[in-house]
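The sequence and the coordinates are shown below.

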Amino acid sequence: MLAIPSRHQDLARFIQDFRHEMHRYPELSNEEFATTARIKAVLESHHIRVLDLPLATGLVAEIGGQQAGPLVVLRADIDALPIEEKSGVEYVSQHPGVMHACGHDFHTSAALGAAIMLKAQEESLPGTVRILFQAAEETGHGAPALLATGALDNARVIFGIHNDPTLPVGVLGSKAGALTAGVDRFDITVAGTGSHAARPHEGNDPIVIAGQLIAALQTLIARNVQSSENAVVSITQIHSGSTWNVIPDRAWLEGTVRSFDQQTRELIERRFREVVQGIGTAFASDITLNWQPGPPSVVNDADWVDFALQQAAAVGFEARRVEASPIGEDFAFYQQQIPGAFVMVGSGGPFALHHPEFRVDDRALFPTASYLVQLAVKALVKA
């Protein structure tokens, strides 16, 4: 594992303290006002340029530009989740019901350390590095909003990181092609007719209809998607009724679809809509489907993945090829316009992302910052 050079001991302590402070005061997507202000204050104290962009939260730092050369982009995310923290760390969240349960405080602090180290060598950089401190990753809307500012229009390559509690500290992993899943969210309202539970023939039971929907939707993967393709349909909520002897007039369901291939994603949505319509017709029910498409799959460029893993090994990480993950990640929107690689950094576990007891091992923090510096500097040469 990469050791912390003596000249960087103070910086390592600073970014660790910054992470703990950010963890104490998490903010939800599009509410990261104080977080943005803290990041900006640190950048400006190190004389790092912050671009003037029409963003309510989040920001873009720029280093270099003294020499002609390509634009390389690093991305970190800054928002937290609506989860009550139970990690037991000394720097536990002070905002009830809000927690950095996905490690965005880790990503931000590592990127901040990288920005400070890159600033120290700014005069020699053969091009420009922009570091995105992106808001609203958890909603899937942060990346499109940042792209709309034009700040990435001339970017040659983009890199993103995400901590991975399934990997030990000191390991970094990635893969060519689809690394994360395309994410779709749905909710369904089943309109029936209420009646006394003893006289169901006088109504149209939405709970029975919802049961038919659930059973039918579970066949979408097994009977429509090739066995070589990975995809999942999960119904995660169902609400209906309020007492034991009354058949209600409505039922409501919610869930998610995950897939890795765009054609498969489109197939599932099409068949999903056909099943909902067909069961509505069969049971004489007005069924409303609200389909909310989220980020597509993160699809890594093979050449840049090889490069990213080579740079990981160069700074002391164990570099691995990893399997695709069904998590969602709006970094995918950047890759629709800019080639690049998304990499997973071992954070030591044991609890999964989005778990109330999730925590990150601080020993991974400074090495990750150093890795981002290595990526940026070498990419400026390669790009």
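Val315 is found in the loop between helix H8 and strand E15; helices (H or I, at least four residues) and strands (E, at least two) are DSSP runs, numbered from the N terminus. The model is predicted, so local features need pLDDT of at least 70 and side-chain atom pairs count only at pLDDT 80 or more, whereas totals for chains, interfaces and linings use all residues. Residues are numbered from 1 along each chain as its sequence is written, and side-chain values use heavy atoms, with hydrogens and water left out.

Val315 counts as buried because its relative accessibility is 12%; buried means under 20% relative accessible area, exposed over 50%, and partly exposed in between (1.4 Å probe, protein chains only). Val315 and Asp105 are 210 residues apart along the chain, and their C-alpha atoms are separated by 22 Å.

| Helix | Residues | Number of residues | End-to-end C-alpha distance | Expected span |
|---|---|---|---|---|
| H1 | 9-24 | 16 residues | 23 Å | 22 Å |

In H8, the buried residues are Trp304, Val305, Phe307, Ala308, Leu309, Gln311 and Ala312. Their cover includes strands E5 (155-164), E6 (171-174), E14 (299-300), E15 (318-321) and E16 (340-346), together with helix H10. In H1, Leu11, Ala12, Ile15, Phe18, Arg19, His20, Met22 and His23 are buried. These residues pack against helices H2 (33-45), H3 (104-120) and H10 (365-382).

**The annotated site**

An unreviewed UniProt entry lists Cys102, His104, Glu138, His162 and His354 under "binding site". Although these positions are spread over 253 residues of sequence, they cluster in space, with a largest C-alpha distance of 13.0 Å. UniProt positions follow the numbering used here, feature names are shortened, and annotations may be inferred rather than shown by experiment.

Cys102 lies in the loop between strand E3 (71-77) and H3. Its relative accessibility is 5%, and Cys102 therefore counts as buried. Residues up to four places away in sequence aside, Cys102 touches Leu81, His107, Glu138, His162, Asn163, Leu353, His354 and Phe358; contact means heavy atoms within 4.5 Å.

Glu138 occupies the loop between strand E4 (128-134) and helix H4 (142-147). With a relative accessible area of 25%, Glu138 is partly exposed. Apart from neighbours within four places in sequence, Glu138 is in contact with Ser29, Asp79, Ala80, Leu81, Cys102, His104 and His354.

**The four-stranded sheet**

Four strands form an open sheet in the order E10-E12-E8-E13, with antiparallel pairing; two strands pair if DSSP finds at least two bridges between them. Strands E10 (231-240) and E13 (286-293) are the edge strands, each pairing on one side only. From one strand to the next, the twist averages 15°; axes are lines fitted to C-alpha atoms, for helices over the stretch in contact, and angles run from 0 to 180 degrees between N-to-C directions.

Strand E8 (residues 182-191) and strand E12 (residues 250-259) run antiparallel and are joined by ten bridges. Within this pair, Ile188 stands opposite Leu253 in E12. Helix H5 (residues 206-217) packs on the sheet and touches E8, E10, E12 and E13, its direction making about 170° with that of E10. Helix H7 (residues 262-282) also packs on the sheet, touching E8, E10, E12 and E13, and its direction makes about 165° with that of E13.

Conventions
Expected span 1.5 Å × (residues − 1).
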